[in-house]
Amino acid sequence: MSTLPTELRENVRLLGELLGETILRHEGPERFRKIEDIRNLAKTASQSEEIDAKALLELLSQLEDKDILPIARAFNQFLNLANIADLEFYSSLEHEAQDDLDKMLETYANQHGKDKMSEVIDNLKVELVLTAHPTEAARRTMIRKYDSVASTLSASRRDDLLTYEKHAFAGELQRLVEEIWNTNEIRDQRPTAVDEAKWGFTVIENTLWRAVPQFVRYFDHVCRKRIGQGLPLEVTPFKFYSWMGGDRDGNPNVTHDVTEEVLVMGRQQAALLYLDDINGLGSDLSMREASSSLVQALPTASSTPYRSILNSLREKLEKTLSWCEAKRAGKLAPYKTSDIIRDRNDLLKPLLLCYESLREVGFNSIAEGPLLDTIRRVHCFGINLLPLDIRQDGERHLLLLDELCEYLELGTYKDWEETKKQEFLLTQLESKRPLIPQDWPASEASQEVLDTCRVIAAEPQETLSHYVISMAKQPSDVLAVALILKECGIKWNMPVAPLFETLDDLNRAYSVMQRLWALPWYQQYCQGNQTVMIGYSDSSKDAGKFAATWALYKAQEKLVELSEEANVSLTLFHGRGGTVGRGGGPVEKAMASQPPGSVKGCIRVTEQGEMIRYKFGRERIAFKSLSNYIKATLHATINPHAKPKQEWRELIELMSEESLQAYRGVVRNDPNFVPYFRSLTPEQELKKLALGSRPAKRKATGGVESLRAIPWVFAWTQVRLNLPAWLGTKQALQYAKQNNPDELNNMIQHWPFFSSFIDLLEMVLGKADVEICSYYESQLVDAELHELGNKLRSELVETENLLNTIKNQNALLDENPSLQGALRVRKPYIDPLNLLQVELIKRERKAGEISPELERALKVTMAGIAAGMRNTG
């Protein structure tokens, strides 16, 4: 029997009771009784072997329209509160994260020697890229209230509370739940790209600003304890970056003006946070004794020398704030750029002067206090908190150059062979003459590309990171970006990262990089460093999860091998989503399943949407997440698993081919698939949710192939079929079981890459529900399409049965009772939301529209199901 830990179960019960009391007070006993009747019927149905939803459906069918929205809200809010209890409970296990890291360092120091460990740790580089991918269904207002509930829950657990404090915390929880109930949980307006960027800065301010130095301080302590020396002052293993305001791939709302504003806004937010630090340090560093170096740096003699040094930095930060405010307001900047913070050395120089002085005069404890935390923040967050990646579709650069060559009467660039394109681009890159005439009448689209590159050229190098090319296909895609940047006046070699996304692109990645790294001009440009991004979302949508996962593994293997041959330091940039269908999953499993030698102390990965909140939304959770990343990176670097046996490679290659054919046979080749998908799922209705600034499609026209991976996954998650994560997997496993069952078992037992895939597959199958999906079909899909639906649901059940047989277990998740328990608790609350959603979609599609109140109820069901499944896209 699946169970929840006692403390978690009690917290879920407490929050559920508070929500019930609030609903009773505000909605009245009659509506409260209806909600309880629905909940009890759903609970009874979920506990039976075969779901009989007749009584539940009959009760839902009797609801008046005025009842639907509050009932949907009740179930939605319970699921959100259950998630809060989850997060708070697991954040309370922070000591486990600390103990695990301590034990790992002790073990590895004994196995590999302290010098080796010290070298690896000094070169650790974990780069986390926060993206604006629209997968966070909750409003920021609600998120803040949920965070307050979690904090109050945590505080109320202390065992030294006085009676009045217990009453105070109980009252605080009641008030917060009442606030939540009386707040609209659905956004009325879609956030702008600038709004998304503000949220990214808020994550830094609210949690990571404190969590990062806290974690680094602990990590330093463990290093001293286990390997005999701490972290060098300049070493902060984490760097954070952002796509918010920089990712314009298929998003016309991210313009060069938006990018420029976000860059300035980052510098403004950083200045505010550093000012707060400096004010605190000014209060702390009141001592008189200082080193001769610091005394000599003073403009005049001072009895508080440290404060005098910090006052100069404070003035520069205040000028930076004024400059940023004027810039954002479109006014003439009140100061020259030389008067403001331009790079991290402007911050570090006075801070290090104070630090070194304090150490020199024997004030070590003071030096290692808040001052050290600020120094580490500077190394981690720089001058704008989140340096921007710029991402653009490679086709935009191709069309710009084609347009330019036509204007200059040089020919049709887009029709040239790859060799000719490279020759042209290299000639122009090596030329001292400009290619683009000042009066060139570029199209609006091409002008926007140029304006973006001019913004890049005008900004401090530290505020930017990579230029990522979506749908990269050839070396010329990378050279084209370098040329456009050169033409726009950039004075530094901005790293250009090709993104390989589809199955064909992944298979071509080795050839593309081999030709690119062979070019003498590019060798000089990249200086032996290269980032290559691999896309998990689009490759899975293109080829199916099984075939895409193997293609990603092979592409990484080949790129690592090639980089070693070319003497290039390669960073693999993992474009993972939150869901399994988009490459998501626990970081430990993700890292353990990487090809051996692909990590080497360095990892770059996207953190998207609701996953940012789940991993970094609270300080304790952020500490645990940072610890997990360090442990996983160290493990993959120091103790990578062995290369897969040749027999495994041969078998999985054949399995992958079987899976690919099965997946594409449905998604691409069955003419009924797209109509079925569009009628079964709320794909069309999802646009009502104001999730983010990006359109759901890269292009206004086109079918499933043009649909972004996020709404593709979101739509299947809503109907509880979770198709993107498993379709085609049955055929792969079936092939192995029939042809080589012993090797299949060996792969599960001894190959972390494959065992991780199986574990994640089991998790996503455990969240699926064929009965709910069948009900969607019965109400929303034309009868002539039902045959396909029956086939898909049968395949899901067959995949479950096959997996249980292979793992020799009776039911899914038998080895994970806590997840079983969590799903069991949520099911009586998710099921009614699904049934209500079906009714509302059916009404809207039949009438063309529904009342504003019912439309809001429809959006609440979407958000609630996403909360219950712990996934949107």
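The model is predicted. The largest nonpolar core has 159 residues, and another core, lying apart from it, has 117.

**Helix pair H1 and H4**

- Helix H1 spans residues 6–27, and helix H4 spans residues 65–91.
- The two pack at an angle of about 150 degrees, and their axes lie 9 Å apart.
- Angles over 145 degrees count as roughly antiparallel, so H1 and H4 are roughly antiparallel to each other.
- Their crossing is right-handed.
- On the H1 side, the contact is made by Glu7, Leu8, Asn11, Val12, Leu15, Gly16, Leu19, Ile23 and Glu27.
- On the H4 side, the partners are Pro70, Ala74, Gln77, Phe78, Leu81, Ala85, Asp86, Phe89 and Tyr90.
- By class, the residues of this contact are 12 nonpolar, 3 polar and 3 charged.

**Helix pair H10 and H12**

- Helix H10 covers residues 256–284, and helix H12 covers residues 305–328.
- Their packing angle is about 155 degrees, with the axes 9 Å apart.
- H10 is therefore roughly antiparallel to H12.
- Here the crossing is left-handed.
- The contact of H10 with H12 has 14 nonpolar, 5 polar and 9 charged residues.

**Nonpolar cores**

- In soluble globular proteins, nonpolar side chains tend to be buried together.
- Within the largest core, of 159 residues, those with the most contacts are Phe219, Phe240, Phe381, Met494 and Tyr522.
- Helix H9 (residues 193–227) supplies the largest share of this core, 18 residues.
- Phenylalanine 219 touches Leu101, Leu105, Ile121, Leu124, Leu231, Pro237 and Ile630, leaving out residues up to four places away in sequence.
- The other core, of 117 residues, lies apart from the largest one and includes Leu19, Leu176, Phe673 and Ile772.
- Leu19 is also one of the H1 residues that meet H4.

- Glutamate 409 sits in the loop between helix H16 (394–407) and helix H17 (418–430).
- Its relative accessibility is 73%, so glutamate 409 counts as exposed.
- Leucine 813 lies in the loop between helix H34 (786–807) and helix H35 (817–847).
- With a relative accessible area of 6%, leucine 813 is buried.

- Histidine 379 is in helix H15 (residues 370–381).
- Buried means under 20% relative accessible area; histidine 379 has 12%, so it is buried.
- Setting aside neighbours within four places in sequence, histidine 379 is in contact with Leu233, Glu234, Thr236, Lys239, Arg344 and Leu348.
- Glutamate 561 is in helix H23 (residues 545–565).
- Glutamate 561 is partly exposed, at a relative accessible area of 44%.
- Arginine 344, one of the contacts of histidine 379, is 217 residues from glutamate 561 in sequence.
- In space, glutamate 561 and arginine 344 are 35 Å apart, C-alpha to C-alpha.

Technical notes
Residues numbered from 1 in each chain as written. Predicted model: local features only at pLDDT ≥ 70, side-chain atom pairs only at ≥ 80, totals over all residues. Heavy atoms only, no water. Axes fitted to C-alpha atoms, helices over the stretch in contact; angles between N-to-C directions. Helix = DSSP H or I, 4+ residues; strand = E, 2+ residues; numbered from the N terminus. Parallel < 35°, antiparallel > 145°, perpendicular 65-115°, else oblique. Left-handed = near helix turned anticlockwise from the far one by under 90°. Contact = heavy atoms within 4.5 Å. Nonpolar A, V, L, I, M, F, W, Y, C, P; charged D, E, K, R; others polar. Core = buried A, V, L, I, M, F, W, Y, C linked by side-chain atoms within 4.5 Å. Buried < 20%, exposed > 50% of the residue type's maximum accessible area, 1.4 Å probe, protein only.
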